[in-house]
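Please read these notes with the structure open beside you.

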Amino acid sequence: MSAYRCSCPVEGLGWLEALAPHAPDALVTPPMPGVPASGLVGLWPVAEWRMGRDGGKEELKRFCFATAGSALGFLSYHAGFGAMGLDLPAPDFPAGVFRKYAVLLAPSPDARLVHVFSDDKARAREAAALVRQGPGQGAVRNDGGGPALPAFPGGLRASLDRPGYEQAVTRALTHILDGDVYQLNLSIRFEADLPDGLAATSLFTGLMRAHPAMFYGLYHDSPYAVVSTSPERFIRVRQGKVLSQPIKGTRRVGQDRTAALRELLASPKEDAELSMIVDLIRNDVGANCAYGSVGVSNHRSVFEVDGLLQMYSNVTGRLRGGSTCLDLLWDALPPGSVTGCPKRRAVEIIADLEPHHREASYGCLAVVQGPRDLDSSVAIRTAALDSRRGVLGFHAGSGIVVDSDPAMEYEETLAKAAKFLALTGRADA
């Protein structure tokens, strides 16, 4: 998609806010220290694939690869159940949607330009005019600042309160001691009433300003809109080179970052939690990688996001002949870092212990640019706006291993939900 292209100077995130009336879809990385801006925004869909109505993996591959142009989409947590042979209850929430667009927009690495691409000259000009115009009066300013997000009215509702979550962790520990699983990721669903008139794009840009992270995703699918603030890459394939970066192991930064880092790296529990999932991811990507190409590097690396220290590793490989990047993505669902291992049994136990559906949370958002090129995030720290019900739903969880303490796992779960809990005026639940 390059018949017409232009570049528009921008400051801050106001250009995204200017697109709000047109319901843009996006998977972008904002500029952060040492991290260049990147990603794509799609405007005005021209074609759409929906899981179920339009089939499964083979149909998605045809949709993405039969014609030129990048596709943006998401696959929900339950999208992977069928491939695992699991017949579990599914929510009334789309399992997966991908789209192609009349116009694609991409920030420059320094975020001072937005590049506009289209085969339709009139549409490209229209998009460029929106970007140059910036947000309207009362919307987020185009100078890197912006109004505070409105307070969320009403109370906060949780699918599991503290005693309920700790009891579920105890049951998970029993499964671990019985040998059913080695690790299990257990979540809570939170729900709050939406303020009148809050657009998903405004929530998306407001959170991005306050809490920048590597994989901000926005996807409109009425009556829902997915707003993802994930720091975790699921799978990237670039010219056949595979990279997955599972996150496991968490510490609050607190007053003494050095002490928190030392404590995280010295913890046998956090080490075991990450190492188990790295092995699981190696297995998941190995099915579509060349023999002998799968490896691990930078094991137990640490980065900081959302006031937390997070441990991660790089799992690498090379896409094997006959497989595409979508074979790899699809066959690795749901992401291992949000299930536990072994994955199939962990997913079954999660369905028994969690009194809620995960919906888009713990699935993935992806940009597909060809049979050997995609990037995707694990949809953690992700919310879904439901305009029909007027609610915002979001999930947070923690990985349970044999030496987990239920009270500490609850505290870790709240820490991961902090940016969304703050919207509701709650630091706890």
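1. Is Thr 205 buried or exposed? Thr 205 counts as buried because its relative accessibility is 0%. Here buried means under 20% relative accessible area, exposed means over 50%, and partly exposed is in between, with a 1.4 Å probe and protein chains only. Thr 205 sits in helix H5, residues 200–210. Helices (H or I, at least four residues) and strands (E, at least two) are DSSP runs numbered from the N terminus. A polar atom of the Thr 205 side chain is 3.3 Å from the backbone oxygen of Ser 202. A polar contact is a pair of N or O atoms within 3.5 Å; within protein, one must be able to donate a hydrogen and the other to accept it, and residues adjacent in sequence count only if both atoms are side-chain atoms.

2. A word on the source. This is a predicted model, in which local features need pLDDT of at least 70 and side-chain atom pairs count only at pLDDT 80 or more, while totals for chains, interfaces and linings use all residues. Residues are numbered from 1 along each chain as its sequence is written, and side-chain values use heavy atoms, with hydrogens and water left out.

3. Next, the cores. The largest nonpolar core has 113 residues, and Phe 98, Leu 105 and Leu 392 touch the most other members. Such a core is a set of buried Ala, Val, Leu, Ile, Met, Phe, Trp, Tyr and Cys residues joined through side-chain atoms within 4.5 Å. Another core, of 19 residues, lies apart from it and includes Leu 40 and Tyr 219. In soluble globular proteins, nonpolar side chains tend to be buried together.

4. Helix H4 covers residues 162–177, and its 16 residues reach 23 Å from first C-alpha to last. That is close to the 22 Å expected at 1.5 Å a residue, where the expected span is 1.5 Å times one less than the number of residues. Among the buried residues of H4 are Tyr 165, Val 169, Leu 173 and Ile 176. The buried residues of H4 pack against strand E8 (183–193), helix H9 (343–353), strand E20 (391–400) and helix H10 (406–416); contact means heavy atoms within 4.5 Å.

5. What caps the N-terminal end of H4? Asp 161 does, with a side-chain oxygen 2.8 Å from the backbone nitrogen of Gly 164. After H4 comes Gly 179, with a positive phi near 85°.

6. On a 1 Å grid over the protein atoms alone, a cavity is a set of points where a 1.4 Å probe fits but cannot get out, and a pocket is an open set with protein on both sides within 12 Å along at least five of seven lines; lining residues have an atom within 4 Å of a point. Grid points are joined across faces, edges and corners, and a volume is the space filled by probe spheres set on the points.

7. The largest pocket has a volume of about 480 Å³. Of the 20 residues lining this pocket, Ser 38, Gly 39, Arg 233, Arg 238 and Asp 375 lie nearest its centre. Strand E11 gives the largest share of the lining, 4 residues.

8. Ala 290 is in the loop between helix H7 (268–286) and strand E14 (295–305). Ala 290 is buried because its relative accessible area is 15%. Not counting residues up to four places away in sequence, Ala 290 touches Arg 318, Leu 319 and Arg 320.
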